[in-house]
Amino acid sequence: METIETFQGLWFVLIFLLLAGYSLLDGFDLGVGALLPVLGRSAEDKDTLIASIGPVWDGNEVWLITAGGALFAAFPHAYATAFSGFYPAMMLVLFALIFRAVSMEFRALDPSRAGWWEKALICGSLGAAFLFGVALGNIIYGVPLDEHMEYAGDFITLLRPVPLLFGITGLFAVLLQGAAWAILKTDGALRDRAYRVAFVLLWGNVIASLAYFAVLAFTFSELAGRPLFYIAVGVSLVGWMGLHLSLRSRRDGRPLAASSLSFLGLWLAAGAAQFPHLIRASNVPDWGLTIFNSSTGLYTLQVMSVIGLAGMPVVIGYTIFVYRLFKGKAKADGHYDG
Amino acid sequence: MDALLLARIQFAFTIGFHILFPMMTLGTSLVILISETLYLVKKEETYRRITDFLARLLALVFVVGAASGIVMEFSFGTNWSGYSRAVGDIFGPLLAAEGVIAFFLESVFIGVLIFGRGRVSPRVYWMAALLVFVGGHLSAFWILVANSWMQTPAGYELDAAGKIVLASFREAVFNPSTVVRLLHTVLASWVTCAILISGIAGYYVRKGLHGEVAKTLLKIGILLFAVTPLLQLGAAHAHAIQVIDTQPVKAAAMEGHFETARGADVYVLGYVDETAEKTYGLAIPKGLSFLYNFDVNSEIRGLADYPKQEWPPLNLVFQSYHLMVTLGMLFIAAGLLGAFLLWRGKLYTSKAYLFILPFLIPLPHIAHEAGWVTAEVGRQPWIIYGLMKTSEAASVVVSKAEILFSLTMFGLIYSLLLVMFIVLFLRIVKTGPAA
């Protein structure tokens, strides 16, 4: 089975896992950042919320950087087409991520302008979370391409209703991750508020996600014959039920796992719809990018497989180690304690 | 001004901004590793306070570096999609390897370094310091491999369709300029940080602040300041020889050297008249040939041997190279002077030397930016030396207006970040090492 198709398929799955991993991990960071005004009433609440993601968000963002690198290395045409084609949107993503990154540190060091940096954190987190979903919605739903794999639409093309629905669905999933993380990492009135917010978000998430599943099923008739799609919907359903139960029974550790499960269902459905496509062409289907016409050579894919399959388990191992170091409830003075 | 030039300006601006921060991160992680090792061995509070102080600085430096770094990874796709399509086989794996093997390690453990002091044992904390150091330097390795491959491509072949494909990963990684470029750049970072902490600690000592902690930090800083520029002299020399051997046009531009000659002169300072094709200035006769292989009569190829359309902008490359070299010499002198004062027991009382130290802090940044201009402008008109022109690499679907928009935004955002960085950095310095 040492054929190039095997490795092309493998890298579709690995990039899928990197993106899904990114969305679950940085998802709760972005969610906490976006929910800051809702969950954090007092300055102390906000300190606690930011302290809960402070030690881990950096590492979480590397999942995105690695996914980007892996896309470049395995499917450079998809990387080139999407990043250059969606240029203004990509720039907005970058600006959002820049402000999200610096705002937490700046806020801690610059208390007199803390309000500004909180706004930067909120807008950066919201913007990035929403735009990622819109971008993925576009490559799945399809965009106009030319015969040389170049994007042939404009900025408005990216804002069609279906990609916007994907954006909203992703945003709800991210917000839910954030609320679930806040439940896990905080205490007292702040945690109670996170429970109430999570309940509201759960319903928003269910409605948006059901619309998302329905649009996928109607758009791609082949999904009817793909078991993975049914599994995906099932996984989300189990996640929602778990969330509902754990929010009622108030067991702080459960909602994050359940929320992650429901998020994973969205990803599995996207994967079921997308394989083996990378960027669908909405005008001429044959001009679309697939794992077969967009990949690097067999040798590159093999080298990458060695690096990725040997390296990522180690990364996951020490990531778990560090999360365990910071387990337990976050404290408002978590910055530089010691 | 066309879209290509705007895209180049944007890349130069965004990477010129970004590089300021990794250059501080690497050196700082080294000093943290040194002080934390001393803390583990000697168990003296002084070293713990040094580590904690530097970890606060590192947190600020790292976050701006990470924020501006992700822009660079995106930029190959957003602005240089022609390049990305052409070199995905080789350049892509290098960026991906950087993520998997290096940046994860640095980013995950930096959280422990910044937030973990009260939570983990001294041993685990030391391990985090070590892993941040290792991760940061591995990051530098993979990024510099990627850059080196653009300068001296190796390990590739052209397939039947003329596409660049990977032939040997090992040869691509260890291409002719990888090792010397890595040494040169990492040492530049260590010099940058040696001067940074010497400047900060020098200020404290002169003002009589923070007692033993300031003196110990100054001692570490001055020892590094004495040693690293000297090591850099060796690495820089090896790098220059590699450029003469593998990128002769760039080397000739750096030296303003037009006619192939035996016994070529080296200019200490000067001016390259690009139209008259002549260099004026203060020259050491046969100096270039001597520096190349210690033979005053060795042959150095000149620009005239190569077609004019393959010349980079000559005076810019010449001047930035000479600025870097001049600053490097200044660092050697200033570092040795500090070591001499330390040896004679006069360092902590030498008001004049301590007064000057903080003013040196920006200079290594000017030096490494100048070095980067030398390397990258000197590579023009090629994006991959001898293989692909920069003009073939830009994204075809990105318009001039779009780049003008993004460039303006980067200009505004990065100005804000730089001002905030300096203000907050000074605030941390003013607070100083906590008791």
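This is a predicted model: local features need pLDDT of at least 70, side-chain atom pairs count only at pLDDT 80 or more; totals for chains, interfaces and linings use all residues.
1. Before anything else, the burial cut-off: a residue is called buried when 20 or more other C-beta atoms lie within 10 Å of its own.

2. Leaving aside residues up to four places away in sequence, A:Ala273 touches A:Ile140, A:Leu216, A:Phe220 and A:Leu223. A:Leu228 is also worth a look, as 45 residues of sequence separate it from A:Ala273, while their C-alpha atoms are 9.1 Å apart.

3. Now chain A as a whole. Its secondary structure comes to 12 helices and 2 strands, and the order from the N terminus is α-α-α-α-α-α-α-α-α-α-α-β-β-α. The radius of gyration is 20 Å, close to the 20 Å from the globule rule for 338 residues, so chain A is as compact as a globular protein of that length. Along the principal axes, its C-alpha atoms fill a box of roughly 55 × 40 × 35 Å.

4. How does chain A look inside? Buried residues account for 59% of its 338 residues. If you take the contacts in chain A with a separation of 6 or more, 78% of them are between residues 24 or more positions apart.

5. With 31 residues, H1(A) reaches 42 Å from first C-alpha to last, close to the 45 Å expected at 1.5 Å a residue. There's a kink of about 40° along the way, centred on A:Gly27. Of the 31 residues in H1(A), 22 are buried, so the helix is largely enclosed by the rest of the structure.

6. On to chain B, which has 15 helices and 8 strands. Its radius of gyration is 23 Å against 22 Å from the globule rule for 435 residues; those are close, so chain B is as compact as a globular protein of that length. The box filled by its C-alpha atoms is roughly 65 × 50 × 40 Å, again along the principal axes. Buried residues make up 56% of the 435 in chain B, and 75% of the contacts with a separation of 6 or more join residues 24 or more positions apart.

7. For the strands, have a look at E4 (residues 266-273) and E5 (residues 278-284) of chain B, which run antiparallel and are joined by 7 bridges. Across the pair, B:Tyr267 stands opposite B:Ala283. E4(B) and E5(B) form a hairpin with 4 residues between them, and B:Glu277 in the turn has a positive phi of about 55°.

8. Last, the interface: 56 residues of chain A are in contact with 57 residues of chain B. On the chain A side, helices H4 (57-74), H5 (76-85), H6 (87-109) and H12 (298-325) each supply at least two residues. What is the make-up of that side of chain A, in nonpolar, polar and charged residues? It divides into 35 nonpolar, 16 polar and 5 charged.

Note on methods:
Residues are numbered from 1 along each chain as its sequence is written. Chains are lettered from A and ligands numbered from 1 in the order in which they are written. The radius of gyration is taken over C-alpha atoms; the globule rule is 2.2 Å times the number of residues to the power 0.38. A residue is buried if 20 or more other C-beta atoms lie within 10 Å of its own, exposed if 12 or fewer, and partly exposed in between; C-beta atoms are placed from the backbone. Two residues are in contact if their C-beta atoms, placed from the backbone, lie within 7 Å. Ala, Val, Leu, Ile, Met, Phe, Trp, Tyr, Cys and Pro count as nonpolar, Asp, Glu, Lys and Arg as charged, and the others, Gly among them, as polar. The expected span of a helix is 1.5 Å times one less than its number of residues. The bend at a residue is the angle between axes fitted to the seven residues ending there and the seven starting there. Two strands pair if DSSP finds at least two bridges between them.
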